Amino acid sequence: LNTCAFVLWTGACNATDCPVFNKMPADKKILVEVISDVICPWCWIGKRNLESAITQSGLPVDVQWRPFLLRPSMPPEGVLKPPASASNPRVGFRLKSKGEAVGINFTGACERTPFTVPAHALLKYASEHEPGRQNALQEVLFRQYFTDGVYPGGDNLRLAAIEAGLDPEKAIAYAQREEVHAEIKEEALQNSASGVSGVPFFIVNGKPVFSGAQPVETILHALRQAAASS
């Protein structure tokens, strides 16, 4: 086992001093695709852990969000949630504590479980037309729903587009197109058919690596392995 392979395995590598990192072409980036749904709280935790891993790695990484529908038969207006109670809390203790550990406040304040296809359509617009803003848009959508209690639809999506720095008129016109909704549903179905049964699901440089809100160290190791094989 050579020195660089050892430090990549143990997590002891400083990317800026690592010969593997320094061999990567300046214009070469690691691509991390995350299959997720806007109503998946663990996807937001996974996002925060991914971002911490990217920062710690010092590696050049692009992140792309892809659709999954946890409730594929959800009606467009969503479904009213039952009232929160001691026996049926909207945010359980484990989720609350895991969120707080990464700076997330899960409130359970939104009264309806949403139909997420329009939000995915907005993310698709960002991916295709302003890819540098898609990750920021995903953060806004997560925060609006899980913390602010905002339903991800209608004018709320326009506000999300504005906050993420997108052209709101173009973004919303795109996200409202029926053919785009059909494409989202088809891609989500294909992701399920490919074996994705839980989200977040991470793909690094085209290779499936793991699902779930993995700890920072696990994601960091995957990024360094990708750098070593680039």
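Modeller: Let's begin with a word we will need: two residues are in contact when heavy atoms lie within 4.5 Å. Please keep in mind that this is a predicted model.

Colleague: Thanks! What share of the contacts in the protein chain with a separation of 6 or more comes from residues 24 or more positions apart?

Modeller: Here we count contacts in the protein chain whose partners have a separation of 6 or more. Among those contacts, the share from residues 24 or more positions apart is 77%.

Colleague: How many helices and strands does the protein chain have, and what percentage of its residues count as buried?

Modeller: The secondary structure comes to 10 helices and six strands. A residue counts as buried under 20% relative accessible area. Of the 230 residues in the chain, the buried share is 47%.

Colleague: How much of the accessible surface of the protein chain belongs to carbon and sulfur atoms?

Modeller: The accessible surface of the chain is about 11,400 Å² in total. The part belonging to carbon and sulfur atoms is 54%.

Colleague: Which hand does the crossing of α5 and α8 have, and how many residues of each class make the contact?

Modeller: The crossing is right-handed. On the α5 side, the contact includes Pro118, Leu122 and Tyr125, and on the α8 side it includes Ile172 and Tyr174. Sorted by class, the contact has eight nonpolar, one polar and three charged residues.

Colleague: How is α5 placed relative to α9?

Modeller: The axes of α5 and α9 are 9 Å apart, and the angle is about 95°. Angles of 65 to 115 degrees count as roughly perpendicular, so α5 and α9 are roughly perpendicular.

Colleague: Which residues of α9 make the contact with α5?

Modeller: From α5 come Val117, Pro118, His120, Ala121 and Lys124. Their partners in α9 are Val180, His181, Glu183, Ile184 and Lys185.

Colleague: Let's look at single residues. Is Phe146 buried or exposed?

Modeller: Phe146 sits in helix α6, residues 134-146. Leaving aside residues up to four places away in sequence, Phe146 touches Val38, Trp44 and Phe106, among others. Its relative accessible area is 9%, which is under 20%, so Phe146 is buried.

Colleague: And is Leu80 buried or exposed?

Modeller: Leu80 belongs to strand β3, residues 79-80. Not counting residues up to four places away in sequence, Leu80 touches Glu111 and Arg112. The relative accessible area of Leu80 is 63%, over 50%, so Leu80 is exposed.

Colleague: What kind of peptide bond joins Val199 and Pro200?

Modeller: Pro200 is in the loop between α9 and β5. Most peptide bonds are trans. With omega about 5°, the bond joining Val199 and Pro200 is cis.

Colleague: Last one: what is the phi of Asn205?

Modeller: Asn205 lies in the loop between β5 and β6, and it is partly exposed, with a relative accessible area of 32%. Most residues other than glycine have a negative phi. Asn205 is not a glycine, yet its phi is positive, at about 50°.

Methods: Residues are numbered from 1 along each chain as its sequence is written. This is a predicted model: local features need pLDDT of at least 70, side-chain atom pairs count only at pLDDT 80 or more; totals for chains, interfaces and linings use all residues. Side-chain values use heavy atoms; hydrogens and water are left out. A crossing is left-handed if the near helix is turned anticlockwise from the far one by less than a right angle, and right-handed if clockwise. Helices (H or I, at least four residues) and strands (E, at least two) are DSSP runs, numbered from the N terminus. Ala, Val, Leu, Ile, Met, Phe, Trp, Tyr, Cys and Pro count as nonpolar, Asp, Glu, Lys and Arg as charged, and the others, Gly among them, as polar. Buried means under 20% relative accessible area, exposed over 50%, partly exposed in between (1.4 Å probe, protein chains only). Accessible areas come from the Shrake-Rupley method with a 1.4 Å probe; for residues, only the protein chains shown count as cover. Axes are lines fitted to C-alpha atoms, for helices over the stretch in contact, and angles run from 0 to 180 degrees between N-to-C directions. Angles under 35 degrees count as roughly parallel, over 145 as roughly antiparallel, 65 to 115 as roughly perpendicular and the rest as oblique.
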